[in-house]
Amino acid sequence: MRFFPRTSVDFVGKRHIWYTVSSTLILIGLITVGIRGLNYGIGFVGGEELTLESTPGMQIAQIRSALNKIGHGDAEITTYGVKNQYLIRVKASEEQSANTSAQVMNVLRTTYPTTHFTLLEDNKVGPEIGAEMRRDAVMAIFYALLFILVYVTIRFQFIYAVGAVLALFHDVLITLGAVAICSWLIPWLNLQINQTMVAAFLTLVAYSMNDTVVIFDRIRENLKLYKGENLIRVMNRSINDTLSRTIITSGTAFAVLLALLIFGGEVTRGFAFAMLVGVTTGTYSSIYVASAIVVDYNVYIKKVDLKVPATQSPVLEIERPYEVAAKRA
Amino acid sequence: MRKNRFKIILIVAAVLLSLYYLYPTYESANYDARLDQLSGQPKLVEYLQAHPVEQPTDSLKQAYFDSLQQAFSADSIRYYDTNSKSILDAKLKRIKLGLDLQGGMHIVLQVDVLKMIEDMARNKDQAFDQMMAAVTQQVQQTHADPITVLAQQANQQGIRLSRYYADIRDDNAKVISYLQDQAKSAIDRAMEIVRNRVDQYGVSEPTIQKQGGSRFIVELPGVTNEAEVRSLLQSTAVLQFKLLEPEDVVIKVFKSIDDIMAGKTDSLASADTSSSDSTMTPAEFAKKHPFFSIVRMDSRSGDIYVSENDRDKLDRLLARPDVKQVIPTSFQFLYDHKAFTTAQGEKYYEVYVVDKDPLLTGSVVTNAQAQVDPTTNAPVVDMQMNSQGAREWARITGANVHKRIAIVLDNAVYSAPQVINKIPNGSSQITGMGNMDEANLLAIVLRAGALPAPVDIVEERNVGPSLGADSIRDGMISGIVGLAIIILFMGFYYRTGGVTADLALLLNILFILGVLAAFHATLTMPGIAGMILTFAVAVDANVLIYERIREEMTTGKTLRAAIDQGYSKAFTAIFDANIISLLTGAILYQFGTGEVQGFALTLMIGIVASLFSAIIITRVVFDIMMERGATSINFG
């Protein structure tokens, strides 16, 4: 069985339309982030977070009115999961009393004596740790991108590395925007920027890179096979050659992540969500960002006329830097 | 077959090794289930339903429940006692579950340098209080290093720090460098104090780990009592010197305990049998001398030992009312701070019987240093005391020459040196440490009595057990659904090739779990997510290869040539892509903490394992099929 018989879609030719689409999506995301801010998890800002369960269930307003009595009326309260679970987040303060959780449980139990409350999780982070974690997260993503830039330069060429890294930036920004928009519009998803979410960003960077490398690898091979053929044609051929694999792998990853999003519970929901967006944009950006940038570099910087079919253009042949060096020597 | 012989051996070895490492996990789960079954909790619930209690007072109710609980848990305790060695062994080697999956507390502690500076100061006056207030304010605003800020403030205000930090007649710079040394060693002290207490608290598999320069992480699985743990970690350490009870008295008491346990009342009977002890089998000996089969005594040195597995048993024994009657009220049973391992690989704790009332408390110790004795080259610890302590110490050592004094920190014995002669000036030397590490540890412990190491809880996470159980269930369901989707799809789309890839995927899961068990790694919820994601990435290599084989087959190549070309042409892409994933995982491991590290670890293990199974295992299967005469393999 074959989902995709040999295709010959002109992917690269339509790249300018997709540049606009991508830029618009990123812009919408960034504007949302700018206006609404990011919903940082407790690990990044400090504070205290309680997860509790009540039987029978209650209204959030009821919980808030009880918390008002102990001066935590401004706490962030959301429903969590499906079984009458609630997440209460208290901001980090100068004098953080040691037993906020005990106070909260106490006031809830005395205010609603007929309801049974269970404390499921209590998470407390000092503000200093939060700042450090934010820095570490940014550093981790920076080092990952730097490593990819160097590795792709060694294995392919510098301009391919630039294309790949820009594609990754594109994926991270779109995913960040999607997280910001969805945590605003669909609050019950409880999307928070926490350590697990950062792990998702790094994983989607690696995943998106997978896709890009597979296409680049085919371009590298086809450039040797079809010497002298126009770069756009080689790229289109390579993308079409690998299209079947691209769709199948993205499809299986998508299905697995969807299962994780639906059945995986609260802890991995943010991870699964970010990865789902990332897998989708990663697949797309390998074609329309990473490969397109390599083409446009040749068109606008190197001034190669790609309109002319079958011109000899040896500069376009992918050679690894060490191979070039060997040839010269 | 021949050219694949090495690969086949490798695959079989990997499978066997994984099973070998996973067996303790399976065993441990079985033991847990058996203990659960025997613990009588279901029986207790059943009993309470059949015999409802009519409105008793709260205190009475609790006592009643406790007695029921005890009656119903007798079976499980007996089962645990007889199998304790293998249960503990399996527990040690199984895949650990992270705190997020089994519930427990995760605490990050930081040495409070400000408080330490304040606590260490003597002769505090108004000028000092004012200076400290300024320092505290500045530190809170700028998060600068407290000791640097102190140095600035002292110099600005023209305060001589040596006024507050006794015994030092130096300029501010010297005092500051002394304080910096103390701050640096404070974390070791704090960690040792916490480790000691956690060990005594009886948490199974605690983790205590340094994080950076001034922080450490304490993980206590299964513990949820927040208040208790907080006091356990933050209360001031107590260092005491306690006199060991004389050997002959201890032996007498032990004999009477033994008699009580054996059911003998008159001491004559025990005298009768003692002559034939050497000819008895261990089982007979255990029956006649139940106490001495648990507690061993070295007849020459008088040292007392109990095996690690019997420690709980001994504690329960000593708490028995009939046994308590023959133990003098002044007796206190203490254990060494850590077990030692015999040549046979068995672990023993030394037991010290000491006088309950301390001779002296550790607050008189002003300093302790580990050194190498220049004449004997052996590690020693030099200990100094303040003048009041020195006076007391002279009296104590004078009265107890040739007796042993135990150095006890929070009820754990770190050393029990013998007094050689009277020590007049408070300056003592302790010898007999096995190596420099032991000497350093003893010095840390001795300083813990004198120098404070106050710690702040900067991060605390308390996961209830029900949440962990929910997470495990969610992880299992999503994992099974994800796996089912992939297995069905691959089999359906790539036919024979797909089924082969499915087989490789299942083996891959076995390998990942096996490696996790071999590394004693911890499985967390993000780790499970990483494993589920690995399913998708693992088949990618096969998808790449199979798409390539299909392409090659359409150009009219033979089966063997198509498979050869498919594998070799797809390899560079697979290699490049996976190297990048692997290093991204490594970066994540480096920068992440706790659960995220668990995710990065499973991801990295998953990448390596999936490369092995997706490339090597499937290839071997196809080779064997072709050798058996297959002329076509269905790749869909």
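Reader: Is E76(A) buried, partly exposed or exposed in this model?
Author: The model is predicted, and the call rests on a count of neighbours. E76(A) lies in strand β2 of chain A. A residue is buried at 20 or more other C-beta atoms within 10 Å and exposed at 12 or fewer. E76(A) has 13 such atoms, so the answer is partly exposed.

Reader: How far apart in space are E76(A) and R89(A)?
Author: In sequence, 13 residues separate E76(A) and R89(A). In space, their C-alpha to C-alpha distance is 4.9 Å.

Reader: Which elements do the buried residues of α3(A) pack against?
Author: Helix α3 of chain A covers residues 60–68, and I63(A), A66(A) and L67(A) are buried there. Seen down the axis, the buried residues of α3(A) fall within an arc of 100°, so they line one face of the helix. They pack against three elements of chain A: β2 (76–80), β3 (85–91) and α4 (100–111).

Reader: Which residues are exposed on the other side of α3(A)?
Author: An α-helix has 3.6 residues a turn, so residues three or four places apart point the same way. On the other side of α3(A), the exposed residues are A61(A) and S65(A).

Reader: Which peptide bond is cis, with omega near -5°?
Author: Look at the loop between β1 (47–55) and α3 of chain A, where P56(A) lies. The cis bond with omega near -5° runs from T55(A) to P56(A).

Reader: How many helices and strands are there in chain A?
Author: From the N terminus on, the order is α-α-β-α-β-β-α-β-α-α-α-α-α-α. That chain has 329 residues, and buried residues make up 47% of them. The element count for chain A is 10 helices and four strands.

Reader: Why is α7(A) called largely enclosed by the rest of the structure?
Author: α7(A) has 31 residues and reaches 45 Å from its first C-alpha to its last. That is close to the 45 Å expected at 1.5 Å a residue. The helix is largely enclosed because its buried residues number 26 of the 31.

Reader: Which element supplies the largest share of the side of chain A that touches chain B?
Author: Between the chains, 51 residues of chain A are in contact with 55 residues of chain B. Elements of chain A that each supply at least two residues to this side are β4 (116–125), α5 (127–155), α7 (195–225) and α8 (231–263). By type, the residues of this side divide into 29 nonpolar, 14 polar and eight charged. The largest share, 12 residues, comes from α7(A).

Reader: In which sense do β4(A) and β17(B) pair, parallel or antiparallel?
Author: Strand β17 of chain B covers residues 455–463. Here N123(A) stands opposite R461(B). β4(A) and β17(B) pair over five bridges, and the sense is antiparallel.

Reader: Does S301(B) count as buried or exposed?
Author: S301(B) sits in the loop between β6 (295–297) and β7 (304–307) of chain B. E247(B) is 54 residues away in sequence and 9.4 Å away in space, C-alpha to C-alpha. S301(B) has 8 C-beta neighbours inside 10 Å, so it counts as exposed.

Reader: What is the phi of N411(B)?
Author: The place of N411(B) is the loop between β14 and β15 (412–415) of chain B. With 15 C-beta neighbours inside 10 Å, N411(B) counts as partly exposed. N411(B) is not a glycine, yet its phi is positive, about 70°.

How values were computed:
Residues numbered from 1 in each chain as written. Chains lettered and ligands numbered in written order. Predicted model: local features only at pLDDT ≥ 70, side-chain atom pairs only at ≥ 80, totals over all residues. Contact = placed C-beta atoms within 7 Å. Nonpolar A, V, L, I, M, F, W, Y, C, P; charged D, E, K, R; others polar. Pairing = 2+ DSSP bridges. Expected span 1.5 Å × (residues − 1). Arc of directions from axis to C-beta.
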